[in-house]
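Q: I'd like to go through this structure with you. Can we take it piece by piece?

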Amino acid sequence: MNNAHSVLRIRDLNKSFAGIVAAKNINTDIKPGEVVGIIGANGAGKTVFVNMITGYLKPTSGLIEFEGRNITGIEPRNATHIGVSRSFQISQVFMSMTVMNNLLVAISLANRDSCSLLRPLNSPRRVRECERVMECYQLLKYRDQVAGTLAQGVRKLLDIAMAVVSKPRLLLLDEPTSGVSIDEKFDLMDIVVNALKEQGTAVLFVEHDMDIVQRYVDRIMAFYQGEIICDAPPELALRDAKVIEYVLGFRHGTEQVDDRPKEPRHA
Amino acid sequence: MIIKALSADRTISWVVASFAILAIVGLMVPNWVLNGTMFGLARGLAVLGLLVLWRTGLVSFGHALYFGLGAYAVALLEKYTGVSDVFVRLAVALATAAAVGFMLGFVLRNHRGIFFAMLSLAFSMVLYGVLIKSEALGSTDGFSVSQTTILGWQPETKYPLFLTIILTGVVAAVGMQIYFRSALGHLTTAVRDNEIRVEYLGYSVAQAIHIKYVLSAALTGAAGGLFAMALGQVDPDSMVNWTVSGELVFISILSGPGSVAAPFIGAVAFEFLRTFAFELAPHAWQLIVGGTLLGIILFLPRGLWSLIERLPMRQERDRE
């Protein structure tokens with residue numbers, strides 16, 4: 001088996017919503033520690049793809065294997081426990097809690113020790129662990145700030161930090177830099193990518209900003225109408241004729257009639 | 001070790017101290033004050049049950065269901081087995097409410113907001129309907145509940161029952177404080193803030209809500225049992241009707257969500273507010289009670305507890 005070393009193995013994955021095809025014959029393998037960028041215009045099926053891996057959507061047909069184990073149609077909360085985590089396009093944090101408490105809750109759920117009643121949430125061991133994570137993600141200075149008052153970029157970092165406390169082997173980032181100002185984008189990605197490199201986590205991330213994609217990924221998967229039209233290293237992918245026409249061309253302002261299937265919004 | 005860990009928590013030591021003082025004060029006050037305080041503390045325990053749900057962002061408009069179940073469990077236990085021991089009564093009241101809460105929890109855990117509130121109301125009105133239509137269950141008159149005994153001893157005054165209510169209150173308040181501090185307890189706020197995130201962190205939101213719901217039902221059931229013992233009777237209108245659920249929500253707002261001690265303060269205050277309002281204006285006492293609620297919502301949105309939070313010695317402590 002030449003795919004024995006893949007973290008994620010996807011075979012013939014299909015998804016359709018009432019006749020509209022959102023994913024068509026998707027085949028791919030992700031290796032440990034690999035950073036893969038997913039690009040494509042709105043409605044190309046990127047988020048559907050991510051949502052199928054974490055179990056938010058059930059595929060119509062096909063196989064998703066994580067570390068050799070069939071996880072097709074798994075519940076999102078079980079995906080977390082076997083080592084697949086995700087962050088969100090719009091940060092999903094606990095707005096009324098402090099940064100520290102956000103991470104403490106995340107850590108206690110990840111370690112499944114949420115049931116120990118006598119130990120307070122902020123036990124010294126958990127607090128130390130959270131402080132380590134905060135240091136990696138440069139969140140220490142916001143330790144006691146309520147999440148709802150954080151700047152977008154910082155909240156994004158917190159969102160990602162909460163996804164990685166369970167030490168996943170595969171992390172899916174849905175547009176990590178959306179809503180983040182241009183000056184902050186690279187700083188944010190530097191922090192995240194460096195922290196993840198240390199852990200050896202494979203990363204699959206959806207991104208619209210080609211400068212970000214080019215700089216951080218080992219490989220690009222370009223989506224168009226639910227299909228992968230190109231799967232190659234960035235220097236090749238970004239010169240690919242189909243990618244230029246269907247993904248990049250659109251970005252350069254070439255007017256196109258939007259006849260692509262609508263992507264269902266997730267939260 | 002555990003005692004040491006618990007006394008380090010300021011809320012716990014304050015709760016224990018205040019209840020101890022209250023127990024001593026109970027020896028010195030006239031009977032009507034003792035009675036009023038007992039009713040207040042028992043209702044406070046029920047409101048503590050509502051607080052568990054409130055912190056998760058859920059409001060139940062049907063907690064009279066569990067209050068009534070606890071009360072009727074005590075009355076029916078006596079009718080059919082003759083048992084009047086305080087511990088058996090309390091245990092049966094709590095267990096009955098918890099069991100029903102566990103079953104209904106499977107339905108309610110999938111609902112939020114107004115749907116959760118109205119569905120709880122519907123369930124409570126089913127019990128009300130069954131009770132008033134059934135002769136065997138006492139119909140509209142209910143039953144009387146004989147004086148509570150303690151391990152075979154029949155006390156002459158109500159003070160031992162008062163003490164039992166205080167002890168139950170302390171255990172419940174301390175237990176809830178430990179729970180709120182724990183990771184599972186912090187999930188209340190987490191679930192209220194963001195359910196999707198909780199699911200993706202690997203925990204079932206439905207299960208979290210179910211646990212809280214059963215806990216809440218058990219506390220309210222115990223409260224109903226104690227209330228029946230203090231009052232010496234059970235009847236549908238003062239135990240199970242929707243007005244009882246409304247009263248509990250009223251007291252929640254009066255108390256505020258700030259602390260596990262707040263429900264007890266709010267409920268005792270409510271009890272005496274009503275007594276005095278009735279004394280002052282027998283035909284318009286609701287006006288006074290309603291006006292008070294309006295005042296609380298306008299000026300103390302976090303309830304009576306926010307007054308205590310503002311005490312100078314507390315602020316100093318928080319600054320430390």
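Q: Where is Lys46(A) found?
A: This is a predicted model. In it, Lys46(A) is found in helix H1 of chain A.

Q: Is Lys46(A) buried or exposed?
A: Lys46(A) is buried, because its relative accessible area is 2% and buried means under 20%.

Q: What does the side chain of Lys46(A) reach?
A: The backbone oxygen of Gly40(A), at 3.0 Å.

Q: OK, domains. How is chain A divided?
A: Into domain 1 (1-84 + 208-254) and domain 2 (86-167). Their C-alpha centres lie 28 Å apart. Five residues from domain 1 of chain A and five residues from domain 2 of chain A make the contact.

Q: How much area is buried between domain 1 and domain 2 of chain A?
A: About 460 Å². Carbon and sulfur atoms give 46% of that.

Q: Which residues of domain 1 lose the most area to domain 2 of chain A?
A: Thr54(A), Thr80(A) and His81(A). Together they make up 63% of what the domain 1 side buries.

Q: And how many salt bridges or polar contacts between those domains?
A: Zero salt bridges. One residue pair is in polar contact, with both residues at pLDDT 80 or more.

Q: Which helices supply the domain 1 side?
A: Helix H1 (46-53) and helix H2 (76-82) of chain A each supply at least two residues of the side that touches domain 2.

Q: Switching to the chains. How many residues are in contact between chain A and chain B?
A: 32 residues of chain A are in contact with 23 residues of chain B. The area buried between the two chains is about 2500 Å². Carbon and sulfur atoms give 64% of it.

Q: How many salt bridges across that interface?
A: Two. In a salt bridge between chain A and chain B, the side chains of Arg77(A) and Glu199(B) meet at 2.9 Å, N to O.

Q: Which helices of chain A touch chain B?
A: H2, helix H3 (99-110) and helix H5 (152-164) of chain A each supply at least two residues of that side. The largest share, six residues, comes from H3(A).

Q: Now the packing. Which residues touch the most other members of the largest nonpolar core?
A: Leu103(A) and Tyr137(A), in a core of 159 residues. The largest share of this core, 14 residues, comes from helix H3 (residues 31-54) of chain B.

Q: Why does this core lie between domain 1 and domain 2 of chain A?
A: Because both domains give residues to it.

Q: What does Leu103(A) touch?
A: Leaving out residues up to four places away in sequence, Leu103(A) touches Cys130(A), Val133(A), Met134(A), Leu158(A), Ala161(A), Met162(A) and Val165(A).

Q: What about the second core?
A: A separate core has 31 residues, including Ala23(A), Phe49(A), Met52(A) and Met221(A).

Q: Last topic, backbone angles. What is phi of Lys167(A)?
A: Positive, about 50 degrees, although Lys167(A) is not a glycine. Lys167(A) lies in the loop between H5 and strand S7 (170-174) of chain A. Lys167(A) is exposed, with a relative accessible area of 52%.

Q: And what is phi of Leu151(B)?
A: Near 50 degrees, a positive value in a residue other than glycine. Leu151(B) lies in the loop between strand S1 (143-144) and helix H7 (159-181) of chain B. Leu151(B) is exposed, with a relative accessible area of 69%.

Key
Residues numbered from 1 in each chain as written. Chains lettered and ligands numbered in written order. Predicted model: local features only at pLDDT ≥ 70, side-chain atom pairs only at ≥ 80, totals over all residues. Heavy atoms only, no water. Core = buried A, V, L, I, M, F, W, Y, C linked by side-chain atoms within 4.5 Å. Buried < 20%, exposed > 50% of the residue type's maximum accessible area, 1.4 Å probe, protein only. Helix = DSSP H or I, 4+ residues; strand = E, 2+ residues; numbered from the N terminus. Domains from an automatic or database assignment. Contact = heavy atoms within 4.5 Å. Buried area = accessible area lost by both parts, 1.4 Å probe. Salt bridge = Lys/Arg side-chain N within 4 Å of Asp/Glu carboxyl O. Polar contact = N/O pair within 3.5 Å; in protein donor to acceptor, adjacent residues only side chain to side chain.
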